Amino acid sequence: MSRNPVICAAILGALSGCLAAARAQQVPGLPTLPAQPYQARAGATKPITAAGVVTTGPTIFRNIAEQAGLTTWRHKAGTPEKRVILDAKGPGVALIDYDNDGWLDIYFVNGSTVEAMDGHEPPPHAALFHNNHDGTFTNVTAKAGVLNDRWGYGVVVADFDNDGWPDLYVTNYGSNRLYRNNHDGTFTDVAEKAGVTVGTWSTGATFGDYDGDGLLDLFVAGYISYDIHHPPIAGTKEVSFANCAYHGSPVMCGPKGLRGERDHLFHNNGDGTFTDVSDKLGVGDPNRFYGLGALFVDVNGDGHPDLLVANDSSPNYLYLNKGNGTFEDQSYPSGFALNGEGREAANMGLAVADYRNNGRVDVVSTTFSEDYDILFQNDGTGTFDDASAKAGLVSTTMPFVGFGDAFLDYDNDGWKDLIIANGHVYPDVDQHPEWGTTYGQRPLLFRNKRDGAFDLVPAVEGTGLAVVSVGRGLAVGDLFNDGKLDVVISNMDQSPVLLRNVNADSNHWIEFKLVGGPKSPRDATGAKVFLTIAGVRQQAEVLSGGSYLSSNDMRVHFGIGAATRIDAVEVHWPSGLTEKISPAPIDRIHTVVEGKGITASLCCAGPCKN
């Protein structure tokens, strides 16, 4: 959780309309973010994490959570004081088109309380919100059968049984759930039958076809070995009677000094069951590091999904896929285990993308305050260099506690930007403004400068970027099918935030929903799309999981700026098939079926007329 402030067991430890018909004007190259008309708010006395807003400037996102109907639900975990670490982690959020109507729905994970776990009070419920296609959502959780009713943390989306319908895997303190989609708006928990309950404290999860058999396998990160009836409280034998403090003030203990949990990799047997192959393949984490973020993604471009694990207050893992159904631990040789100073960090969320448009997948790992969020630049072989300072992320992110993160092209200029959800873990920081941080924090949006660096986009007062919340999970997707990427943030003990993208650009875009053939996962997890315009080649991969315990829109999105035509689109399917897609009209969401090209298109949130 924290890099070094906690002393425990004696260890220092954003309603945009459819734009298709009005995008003929030319937009010149990338404009710089102006110093004016931004004007800092006078007299701000709060730390930068909850202040730092400006009074004028462009509105990028608006928080429409209340209008959308999402604030009828709120998260709950433990007590407001957060005396134990179980209370302070989670929750994740997933974007899932569970009813296959072409519109993204939202699933929020909920926590619990000790009283609920013991049966003394009703448990908090998770929430599945159905997209009504009009900017609002309806809570259908009970009808859908996905209440969870356990102490939840993470969620990931994938079609694990290749039936064409997305399923949900929810990680918990205690037994996890695998909600199989019944094709009728309901789900059935098949985790026990499938053999993937785990039963400890699970956090980040990700699906990927690591052995190329066309079936999605499941990786689950473990966090802390925790006894709910003997919690690690300062002064007790569970922490060797140590005191746990942050800047000299008492706080929850951990994760440093606590026993970690093992990670698990489950091989998909193709019959609805999985086999635990963690130890066999060397990815079971015998070190018992504190796993949080996890993601299958091809980092060296060889067509095989590698495995990233973000570990809290311990070194990260990078397992390179050898292409023969096995992995090689390259955590330290790759440079991914530690930051550029040679230190382990409190790694939490994972954002991955080719943000430099150079064919290399880079990674951002969010961390604790008084440390910086780390940008790992990839040399193309899966070897990483800490480029956080060169990219402009160090001084800006240090006061914040980063959790969910994602790359997104918010202005559709063809270059992926970065957004980070923030929120502290110690409520008591609000009593100490001299510490320079707050419990509730605002999100950070960084605009891609096209040279490997980012500019911080100022948070304008009254807009989505100025919303202060105790952020955790973050998921990005085109919720309103208008070609603009929106952001959902799940919060601790609060209602969620829905940042609708209302940026006033007139740039073009294109999206692809991929459907795999008989030798690929049906939801095309692991497929890559390459798009070329005027000599610039963008790429995106279909991913399951990532961010912080969350799951993004699995459709791939490309901004294309002022361009009105695309030179080339190429899909590299998990089966090994390379397919060229032509023609590919812009400002549309295309469904592409492996071997058949474009089979359907959606324009302006409705059927295409030509």
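In what order do the four strands of the open sheet with S4 in it run? The order is S4-S5-S6-S7, and the pairing is antiparallel. Keep in mind that this is a predicted model.

Let's stay with that sheet for a moment. S4 and strand S7 (137-139) are its edge strands, each pairing on one side only. From one strand to the next, the twist averages 25°. S4 and strand S5 (residues 105-108) are joined in the antiparallel sense over four bridges, and Val-93 stands opposite Phe-108 in S5.

There's another open sheet of four strands, with the order S18-S19-S20-S21 and antiparallel pairing. Strand S18 (290-297) and strand S21 (327-329) each have a single partner strand, so one side of each has no neighbour in the sheet. Here the twist averages 20° from one strand to the next. S18 pairs with strand S19 (residues 306-312) over seven bridges, in the antiparallel sense. Look for Val-297, too: its bridge partner in S19 is Asp-306.

Now for the inside. The largest nonpolar core has 39 residues, and Tyr-107, Leu-128 and Phe-187 are among those with the most contacts inside it. Several strands each supply at least two residues of this core, including S4, strand S8 (151-158) and strand S9 (167-175). Leu-128 touches, among others, Ile-96, Tyr-107, Val-140 and Phe-187. Apart from this core lies another, of 36 residues, with Ala-77, Tyr-223, Ala-346 and Leu-549 among them.

On to the rings: the structure holds 27 aromatic pairs. Here are two of them.

| Pair | Type | Centre to centre | Angle between planes |
|---|---|---|---|
| Trp-201 and Tyr-223 | edge-to-face | 5.0 Å | 80° |
| Tyr-246 and Tyr-426 | tilted | 5.1 Å | 50° |

Trp-201 sits in strand S12 (residues 198-208) and Tyr-223 in the loop between strand S13 (217-222) and strand S14 (245-246), so their pair ties together parts that are 22 residues apart in sequence. Trp-201 is buried, at a relative accessible area of 0%, and Tyr-223 is buried with a value of 0% as well.

Finally, two arginines lie over ring faces. Arg-472 is over Phe-403, 4.1 Å from the ring centre, and Arg-500 is over Phe-480, at 3.5 Å from the ring centre.

Technical notes: Residues numbered from 1 in each chain as written. Predicted model: local features only at pLDDT ≥ 70, side-chain atom pairs only at ≥ 80, totals over all residues. Heavy atoms only, no water. Pairing = 2+ DSSP bridges. Axes fitted to C-alpha atoms, helices over the stretch in contact; angles between N-to-C directions. Core = buried A, V, L, I, M, F, W, Y, C linked by side-chain atoms within 4.5 Å. Buried < 20%, exposed > 50% of the residue type's maximum accessible area, 1.4 Å probe, protein only. Contact = heavy atoms within 4.5 Å. Phe/Tyr/Trp six-rings, centres within 6.5 Å; stacked < 30°, edge-to-face > 60°. Lys NZ or Arg CZ within 6 Å of the ring centre and 35° of its normal. Lists of a residue's contacts leave out its neighbours within four places in sequence.
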